[in-house]
Amino acid sequence: MESKTLRTGLFAGLVAIAGIAPLMAELPSLEEKPWYGYFAGIEGKKVAVGLGTDGGAVIVPIKNREWMTTQNYIPLNYQIEEVLPNGKTAVKKIDFESLTSTSAATVKPGTIMFTGKTEGDVKFEGYFEVSRGVVFVGGRILEKGTVTNPLKFTIQAVFPQAYKNAKKGEKEWEKKVEDDILEVRFADGKKAKSTVKDTFDATAGDFTKPITQVEMEISEFGEGSFKFTASPNSKISLLNPKISGPFYEGITLVWEADAATDPQGKARLAIDLK
């Protein structure tokens, strides 16, 4: 992971040097491997998370104590979306050079806040915190700028399609995926799951309800499971581009706080690094 990060939208930042660093235009870069080109990074047992100087972030699966290749990276996008009159949304392009933070580049993260602007002069605030093996991310819109339509701040974890070249149906493949599973907990306390044998459709049934926790295991993406938890006053929803196949063919987790009940942007999405 020595190249520049994927330009995947807007993310947060890491480590705080207690306000003693000067305010910097653009996020500064680490110079050490494997974090060159990143503003900050944190590595756990199962995954590493890197935040680039351009605001793009990735979750990197770890297997046999090594980072997996870029085709297995999971973009973690911080996005400002404009809600159009027809109900559809349009992502506002981030002005990467507007990103500022009082924190320095670091591999020893704690808590960071950064700000930036999008087209239409929308001003936003992003957060990244690390505590006891968990990454907490969040953010909020500070000013609407010239945009007249409603806006929302979301964070999206985009899982790419797995097993593209696998010989599906053979015993070896079936053994490999036998533990793969998607499990969710809804805001009403109920649970649901989907296995590799199921056709997954995020637009139908229980999966359309507000979600508070998602845990997913895909053997091609490392050795452990991925766990995402929404704090109070926020929710997770799911998207999948292919509704005719199992969940491992591509799935996106969308986190969003309720701006009405969380005007100060205290809600967080927790990502377990253990």
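Trainee: Where does Arg132 sit?

Mentor: Look in the loop between β10 and β11 (134-143), that's the place of Arg132. Keep in mind that this is a predicted model.

Trainee: And what's up with the phi of Arg132?

Mentor: Arg132 has a positive phi of about 50°, although Arg132 is not a glycine.

Trainee: Is Arg132 buried or exposed?

Mentor: Arg132 is exposed, because its relative accessible area is 77% and the cut-off for exposed is over 50%.

Trainee: What about Asp121, what's its phi like?

Mentor: Phi of Asp121 is near 60°, a positive value in a residue other than glycine. You'll find Asp121 in the loop between β9 (111-118) and β10 (123-131).

Trainee: Why is Asp121 called partly exposed?

Mentor: Its relative accessible area is 44%, and partly exposed runs between the under 20% of buried and the over 50% of exposed, so Asp121 counts as partly exposed.

Trainee: Let's move on to Asn149. Where is Asn149, and in which loop?

Mentor: Asn149 lies in the loop between β11 and β12 (151-159). Asn149 is buried, with a relative accessible area of 19%.

Trainee: Which residues does Asn149 touch?

Mentor: Leaving out residues up to four places away in sequence, Asn149 touches Glu82, Val83, Leu84, Pro85 and Lys144. With Glu82 there's also a polar contact of 2.8 Å between the side chains.

Trainee: New topic: which peptide bond is cis?

Mentor: The one from Lys33 to Pro34, with omega near 0°. Pro34 is in the loop between β1 (24-25) and β2 (38-43).

Trainee: Zooming out, how many helices and strands does the chain have?

Mentor: The chain has 1 helix and 19 strands.

Trainee: How does the radius of gyration of the chain sit with a compact globule?

Mentor: It agrees: with 274 residues, a compact globule would have a radius of gyration near 19 Å, and the chain has 18 Å. The C-alpha trace spans about 60 × 45 × 30 Å along its principal axes.

Trainee: What share of the residues count as buried?

Mentor: Of the 274 residues, 51% count as buried. As for the surface, the chain exposes about 13400 Å², with carbon and sulfur atoms supplying 49% of it.

Trainee: Last one: what's the mean pLDDT?

Mentor: The mean pLDDT of the chain is 86, and 91% of its residues reach 70 or more. Over residues 1-24, though, the pLDDT is below 50. That stretch still has 104 contacts in the model beyond near neighbours in sequence.

Conventions
Residues are numbered from 1 along each chain as its sequence is written. This is a predicted model: local features need pLDDT of at least 70, side-chain atom pairs count only at pLDDT 80 or more; totals for chains, interfaces and linings use all residues. Side-chain values use heavy atoms; hydrogens and water are left out. pLDDT is the predictor's confidence in each residue, from 0 to 100. Contact means heavy atoms within 4.5 Å. Helices (H or I, at least four residues) and strands (E, at least two) are DSSP runs, numbered from the N terminus. Buried means under 20% relative accessible area, exposed over 50%, partly exposed in between (1.4 Å probe, protein chains only). A polar contact is a pair of N or O atoms within 3.5 Å; within protein, one must be able to donate a hydrogen and the other to accept it, and residues adjacent in sequence count only if both atoms are side-chain atoms. The radius of gyration is taken over C-alpha atoms; the globule rule is 2.2 Å times the number of residues to the power 0.38. Accessible areas come from the Shrake-Rupley method with a 1.4 Å probe; for residues, only the protein chains shown count as cover.
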